[in-house]
Amino acid sequence: MRTAQHPATRHWRHALAPGGLPLAGHALLMGRKPLQFLASLPAYGDLVELRLGPRPVFLPCHPELVQQVLVNARIYDTGGPVKEKAKPILGNGLITSDWADHRRQRRLVQPAFQAARIATYAEVMEEECEAESTAWTAGRPLDVSHEMLALTARVTARALFSTDMAPHAVAEIQRCLPIVVEGAYRQAIDPTGLLAKLPLAANRRFDDALARLNQLIDRMIDGYKRADDGDRGDVLSALFAAQDDETGGTMSDQEIHDQVMTLLLAGIETTASALTWAWFLLGRNPRAEAALHAEVDEVLGGRAPRYADVLRLAYTQRVFSEALRLFPPAWLFTRTTTEATELGGRRLPPASDVLISPYVLHRDPALFPDPESFDPDRWLPERAKDVARGAYLPFGGGSRKCIGDVFGMTEATLALAAIAGRWRMRPIPRTKIRPRPQMSLTAGPLRMIPEPR
């Protein structure tokens, strides 16, 4: 495994990615087989240059260099082609806001994810996970991906909006969100920017779905303002109440709108995708599945899981952590330099784009022994301590680390435990799925058969 060395004493390897074409650069490879292409690059160097169109982009493949980018948020600000395409969709929320504005936003949004509020949201998680686990029919195949997306949409919508509109909101979110996510990624990887302007049916579906989500959020915000009935224990109440300790300022309606849109797009599909991959991996690893069932039986004794059980469900958490390693939903994100700087001995001018790929790091055999194998016990404390800092980034890192990481881990742990307490998920023979790199790393449809335990 790679060991840390002081950056000043290390000889960093630089390389130009192979396979570039005139004008297009590596855009075609990124469009056709991004995971395979990116995962091949650490073999060439610690810092690899590629081109998306005529523009150079840099991929740090060593965790020290990745960590250098993530902890220096002022120099390596959010940016790049993905951010520029995402901003019209997400607005100026936590994912897309610039460094200075992000610091202020983080202070305002953070109270919505404090431990006491997570415990409140967990009540919704408990109810929805129990409802999901009791709704299936023994022996009837189901699409696990669809079920997990429906579950996380219900949890997120109810945590965001504890109103009578929540059921309608869930249906609208479930209908619109996949269309928006797919369309956003399609636009993000288009280096020309022309695809979004063509009169295509896919573009019309995207525009309609995005407009409906925006209208839904606006209706929710207007409803809360009219009701004015204080803290309802949900995220939207916390956003309305948030006050900046440094300036005394609060968020405008548009800022709240942008944060809600960001939380919807960042919080539903990501957790659903990782849960889908967890069931896929468990279905193909009987020993891991048996260990999960044994822990759930011991901790829960046949009852539904509760928030107080989460810390005792250690193996369940390790299963999810390993699914996040193999198939990180946030498989790629970008940063842009705000000034001239040096990365791995390479001088980067201002406005240089840097790609960070957790997928690449998580699959690197120099960082994770036998990286292709599903091994939840690699996250046992005595083994996890050997993982290099910056090598495991399921929720990003630095000041821009996902604000909902604890929310997502809690939700996933309760979902795995609730379903595993009742069902053994059987893979359908000859079922093949492959990672679909979009805004998150999805599995697409995954049909499995639930068998009562």
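**The annotated site and its surroundings**

Analyst: The UniProt annotation "binding site", from an unreviewed entry, covers Cys402. The model examined here is predicted.

User: Is Cys402 buried, partly exposed or exposed?

Analyst: Cys402 lies in the loop between α16 and α17. Leaving aside neighbours within four places in sequence, Cys402 is in contact with Arg106 and Phe395. Buried means under 20% relative accessible area and exposed means over 50%. The relative accessibility of Cys402 is 30%, so the residue counts as partly exposed.

User: Is Thr316 buried or exposed?

Analyst: Thr316 belongs to helix α14, which covers residues 314–326. Not counting residues up to four places away in sequence, Thr316 touches Leu292, Glu295, Val296, Thr413, Leu416 and Ala417. Because its relative accessible area is 0%, Thr316 is buried.

User: How far apart are the end C-alpha atoms of helix α6, and what span should its residues give?

Analyst: Helix α6 runs over residues 115–134 and has 20 residues.

User: Which elements cover the buried residues of α6?

Analyst: The buried residues of α6 include Arg117, Ile118, Tyr121, Ala122, Val124 and Met125. Glu128, Cys129, Glu132 and Ser133 are also among the buried residues of this helix. In an α-helix there are 3.6 residues a turn, so residues three or four places apart point the same way. What covers the buried residues of α6 includes α7, α10, α17 and β10.

User: Which elements give two or more residues to the lining of the largest cavity?

Analyst: A search of the whole structure finds 4 cavities of 30 Å³ or more, and the largest cavity holds about 40 Å³ of space. Its lining consists of Trp279, Leu282, Gly283, Glu289, His293, Trp423, Arg424 and Met425. The elements that give two or more residues to this lining are α12 (269–283), α13 (286–300) and β10 (423–427).

User: How do the residues of that lining divide into nonpolar, polar and charged?

Analyst: Among the lining residues are Trp279, Gly283 and Glu289. Gly counts as polar and Glu as charged, whereas Trp counts as nonpolar. The lining of the largest cavity divides into 4 nonpolar, 2 polar and 2 charged residues.

User: What is the phi of Leu23?

Analyst: Leu23 is found in the loop between β1 and α1. At 79% relative accessibility, Leu23 counts as exposed. Although Leu23 is not a glycine, its phi is positive, at about 70°.

Key: Residues are numbered from 1 along each chain as its sequence is written. This is a predicted model: local features need pLDDT of at least 70, side-chain atom pairs count only at pLDDT 80 or more; totals for chains, interfaces and linings use all residues. Side-chain values use heavy atoms; hydrogens and water are left out. On a 1 Å grid over the protein atoms alone, a cavity is a set of points where a 1.4 Å probe fits but cannot get out, and a pocket is an open set with protein on both sides within 12 Å along at least five of seven lines; lining residues have an atom within 4 Å of a point. Grid points are joined across faces, edges and corners, and a volume is the space filled by probe spheres set on the points. Helices (H or I, at least four residues) and strands (E, at least two) are DSSP runs, numbered from the N terminus. The expected span of a helix is 1.5 Å times one less than its number of residues. Buried means under 20% relative accessible area, exposed over 50%, partly exposed in between (1.4 Å probe, protein chains only). Contact means heavy atoms within 4.5 Å. UniProt positions are given in the numbering used here, feature names are shortened, and annotations may be inferred rather than shown by experiment.
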